[in-house]
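Please read the following note with the model open beside you. The points are arranged by topic, and comments on any of them are welcome.

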Amino acid sequence: MGKYGRLHRVMTARQEIVSVGLKKNPRVLFLYFSFSGQTGILVNRLSEGLKEQGVEVVFEKLRPARHLRFPVNGFLRTIAMMLTTFCRIRVPIKELSSKCDQVYNLIILAGPTWSYNPSGPILYFLDKYGSDVLGGQEVLPLISCRGYWKQHWWGLRRKLKKCGAHYSNLIAFTHPNPEPWCTIGVFLKIAGKNPERSNFIGKYYTRFGHSNDQTEEASRFGKLIGESLKGGTPLAEINFRTDLSLP
Ligand SMILES: Cc1cc2nc3c(=O)[nH]c(=O)nc-3n(C[C@H](O)[C@H](O)[C@H](O)COP(=O)(O)O)c2cc1C
């Protein structure tokens, strides 16, 4: 189906969702990319919360055309990755599945921050498929990062607008470790080291990524989203900026 045919179908189906009241059995698509697994964990816990509310969840993981290995192994490779991601180099992805041709009550677009920007696969997705898949749909972005989500969000917002997506809220989770240990720890992890096992750094950096309390919070957010979809209340009313998600 062509771009405009699909857009028309999405618009018609959106009207149906509103008028016929498909809210009873809402469907949510998780469209996501995860490099080191953190977004994947949040997506899983969020989806559990949604399922508890009787929401049908569908997953589409963006798969880079060329395998990206985590950790990248080596300081030079890590620095090179930081530089290319700072320049927003797109990372081509494999073709999307037919799940992305369907209509959902909500699409959760999830991925990590890479050098203050959305990750390369998400940028590629937005350029190539954004209008087609997200145009006319309700989108809730989910960001997993070390701590700097604001610039990522500003850039992503502009792109969503360009795609014709509707958005009214955002979920961001930052790693709970204090700085500068968080930045050092993430850098070392990407380079293939184990900072949490180091005699010195391990005193201040005990774990990479999100805490169990945060993943629990993601599950709670999932329940809240489910309630909102079923009750027809605006997603904008949910407070996702809590002490756990943004410590
Ligand atoms: C190349 C690269 C660049 C990153 N740049 C940032 C950044 O600018 N700000 C930030 O808060 N986190 C940054 N991070 C950390 C990730 O956003 C964070 O570890 C996230 O939880 C990873 O999610 P994932 O496991 O789903 O890939 C970067 C990670 C990588 C690999």
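Which residues of S5 are buried on one side and which on the other? The points below begin with that strand.

1. Val139, Pro141, Ile143 and Cys145 lie on one side of S5 and Leu140, Leu142 and Ser144 on the other, and all are buried, so that both faces of the strand are covered (a residue is buried if 20 or more other C-beta atoms, placed from the backbone, lie within 10 Å of its own, exposed if 12 or fewer, and partly exposed in between). Helices (H or I, at least four residues) and strands (E, at least two) are DSSP runs, numbered from the N terminus.

2. The model is a predicted one, in which local features need pLDDT of at least 70 and side-chain atom pairs count only at pLDDT 80 or more, whereas totals for chains, interfaces and linings use all residues. Residue numbers start from 1 along each chain as its sequence is written.

3. S5 pairs with S3 in the parallel sense over six bridges, where two strands pair if DSSP finds at least two bridges between them; within this pairing, Pro112 stands opposite Ser144. S5 is also joined to strand S6 (residues 171-174), again in parallel, by four bridges, and Cys145 has Thr174 as its bridge partner in S6. The chain passes from S5 through H5 to S6 in a right-handed β-α-β crossover, meaning that, with the strands pointing away from the viewer, the path from the first strand over the helix to the second runs clockwise.

4. Helix H5 (residues 150-163) contains 14 residues and reaches 20 Å from its first C-alpha to its last, close to the 20 Å expected at 1.5 Å a residue, the expected span being 1.5 Å times one less than the number of residues. Just after H5, Gly164 takes a positive phi of about 80 degrees.

5. Ala165 is placed in the loop between H5 and S6, and counts as buried because 22 other C-beta atoms lie within 10 Å. Leaving aside residues up to four places away in sequence, Ala165 touches Leu134, Gly135, Gln137, Val139 and Leu160 (contact requires C-beta atoms, placed from the backbone, within 7 Å). Its C-alpha atom is separated by 6.3 Å from that of Glu138, 27 residues apart along the chain.

6. In H6, the buried residues are Gly185, Val186, Leu188 and Ile190, and these pack against H3. Just after H6, Gly192 takes a positive phi of about 100 degrees.

How values were computed: Two residues are in contact if their C-beta atoms, placed from the backbone, lie within 7 Å.
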